[in-house]
Amino acid sequence: MNVGVAKEIKQDEYRVALTPAGALELTRRGHSVVIERGAGDGSSFPDNTYTAVGARIASVEDVWAESDLVLKVKEPLPEEYGRLREGQVLFTYLHLAASEELTRALMDSGAACVAYETVESDDRALPLLAPMSEIAGRLASQAGAQFLEKPVGGRGLLLGGVPGVAPGKAVVIGGGMVGYNAAVIALGLGAEVTILERSIDRMRHLEEVLGSRVTLLMSSALQIEESVAEADLVVGAVLIPGALAPKLITREMIGGMKDGSVVCDVAIDQGGCVETSRPTTHSEPVFVVDGVTHYCVANMPGAVPITSTKALTNATLPYVEQIADNGLREAIAEDAALARGVNVLDGQVTYEAVAEAHGLDYTPLHDVLPLTPA
Ligand SMILES: NC(=O)c1ccc[n+]([C@@H]2O[C@H](COP(=O)([O-])OP(=O)(O)OC[C@H]3O[C@@H](n4cnc5c(N)ncnc54)[C@H](O)[C@@H]3O)[C@@H](O)[C@H]2O)c1
């Protein structure tokens, strides 16, 4: 198969969807790999590291035109919509529930669009979201601690405190991959950490791994209101797979928070779980509402591309190999986890939560198969 890697054009996005190590695996399997010029630069993989393993370097036009399978990191932007074509497979993060415009553009393209974030195993794990969630969770507490500093508009509080002075309070809403990792770093910094979860099984697991160092509370509107009012740092880390994030923190609750406290809404890529959130970028990561600093960067792992490119491709490569070796149709027939990743196929929305988010018709994947062979 012709596998192409497009350069990311989203602001401050430095990741790339395939490392030279991954390119070598694919060329060894007999696939042709074409990389857009400069695609790996931001992750410290210059073009010659790809040509050294048998990949070709090409222009943006050639990569999109030649490739049966296009690998990306972030969702296509409007200038990329027209590059997609029927019969092509796009494998990337899509977060379609957050954008009707993108969903419609993908439907119009006729391409098969497989979203990293909805690839889901039978035990409900999200293997392609997990590595980025680990990174985003860790960054959330780092960023939160930084924006609590006075010169950048924070309360002027050291999250970890010092002997004789109480630490700050970090409240994490959603104790999944992001929440667990945010809690680990906040604990490491010395903060007092509370996690609000709605899954009792998940809380049991968190207690096993984190012990008594965290307070675990059942998530409810009342509990969120109480916890948020006392917090110095709030990390929003809930997820309902594929769906828009529920607005668990209302404008009123933000109004009840301490002046100079920080909300880090990691769930912003699914629309955000805070009513006052809107997406921000690494160049302008924060804004203030009612005295509360909002950090809402939609592509947090993009800030640490050397770590996140490797972590992402470690997870995606086995699926890329399956699609390249067998074609998408056979690959999804053999792997139910990958099949759950298919969001748009032959102009139909095949992921129920995305269709629901935009009031579009939902067509189950098996109704659209057989696929147009790539
Ligand atoms: N901004 C970024 O750069 C970035 C990067 C990675 C992930 N994310 C986003 O972070 C969010 C969390 O991802 P994740 O991998 O941790 O997901 P996850 O599925 O591992 O965890 C989500 C957790 O939220 C819990 N939850 C659901 N509803 C809840 C509620 N009402 N109250 C409390 N908890 C609730 C679930 O039980 C689950 O444990 C997602 O929206 C994901 O897309 C953002």
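**Ligand contacts, helix packing and selected residues**

A polar side-chain atom of Asp-269 lies 2.8 Å from an oxygen atom of the ligand. This distance, like the others below, comes from a predicted model. Ser-133 also presents a polar side-chain atom to the ligand, 2.6 Å from one of its oxygen atoms. Ala-298 takes part through its backbone: a polar backbone atom is 3.2 Å from a ligand oxygen. In total, 27 residues surround the ligand. The closest are Ser-133, Val-178, Glu-197, Ser-219 and Met-300.

Helix packing was examined for H6 and H11. Helix H6 spans residues 130-147, and helix H11 spans residues 305-334. Their axes come within 8 Å and cross at roughly 155°. An angle over 145 degrees counts as roughly antiparallel, and H6 and H11 are therefore roughly antiparallel to each other. On the H6 side, the contact is made by Pro-131, Met-132 and Ile-135. On the H11 side, Thr-307, Ser-308, Ala-311, Leu-312 and Ala-315 contribute. Six of these contact residues are nonpolar and two are polar. None is charged.

Gly-327 also belongs to helix H11. Its relative accessible area is 17%. The cut-off for a buried residue is under 20%, so Gly-327 counts as buried. Leaving aside neighbours within four places in sequence, Gly-327 is in contact with Met-1 and Gln-322. Leu-69 is 258 residues away from Gly-327 in sequence. In space, the C-alpha atoms of Gly-327 and Leu-69 are 9.2 Å apart.

Several loop residues were then considered. Arg-15 sits in the loop between strand S1 (2-5) and helix H1 (20-28). Arg-15 is buried, at a relative accessible area of 2%. The side chain of Arg-15 makes a polar contact with the Glu-13 side chain, at 2.8 Å.

Lys-258 is placed in the loop between helix H10 (251-255) and strand S11 (262-265). With a relative accessible area of 25%, Lys-258 is partly exposed. Not counting residues up to four places away in sequence, Lys-258 touches Arg-155, Ala-229, Glu-230, Ala-231, Asp-232, Gly-291 and Val-292. With Asp-232, the link is a polar contact between side chains, at 3.2 Å. Val-292 lies 34 residues from Lys-258 along the chain. The C-alpha atoms of Lys-258 and Val-292 are separated by 7.3 Å.

Backbone geometry was the remaining point. Asp-290 has a positive phi of about 50°, although it is not a glycine. Asp-290 is found in the loop between strand S12 (286-289) and strand S13 (292-295). At 45% relative accessibility, Asp-290 is partly exposed. Arg-124 is another residue other than glycine with a positive phi, here near 70°. The loop holding Arg-124 runs between strand S6 (112-115) and H6. Arg-124 is exposed, with a relative accessible area of 61%.

How values were computed: Residues numbered from 1 in each chain as written. Predicted model: local features only at pLDDT ≥ 70, side-chain atom pairs only at ≥ 80, totals over all residues. Heavy atoms only, no water. Axes fitted to C-alpha atoms, helices over the stretch in contact; angles between N-to-C directions. Helix = DSSP H or I, 4+ residues; strand = E, 2+ residues; numbered from the N terminus. Parallel < 35°, antiparallel > 145°, perpendicular 65-115°, else oblique. Contact = heavy atoms within 4.5 Å. Nonpolar A, V, L, I, M, F, W, Y, C, P; charged D, E, K, R; others polar. Buried < 20%, exposed > 50% of the residue type's maximum accessible area, 1.4 Å probe, protein only. Polar contact = N/O pair within 3.5 Å; in protein donor to acceptor, adjacent residues only side chain to side chain. Near = heavy atom within 4 Å.
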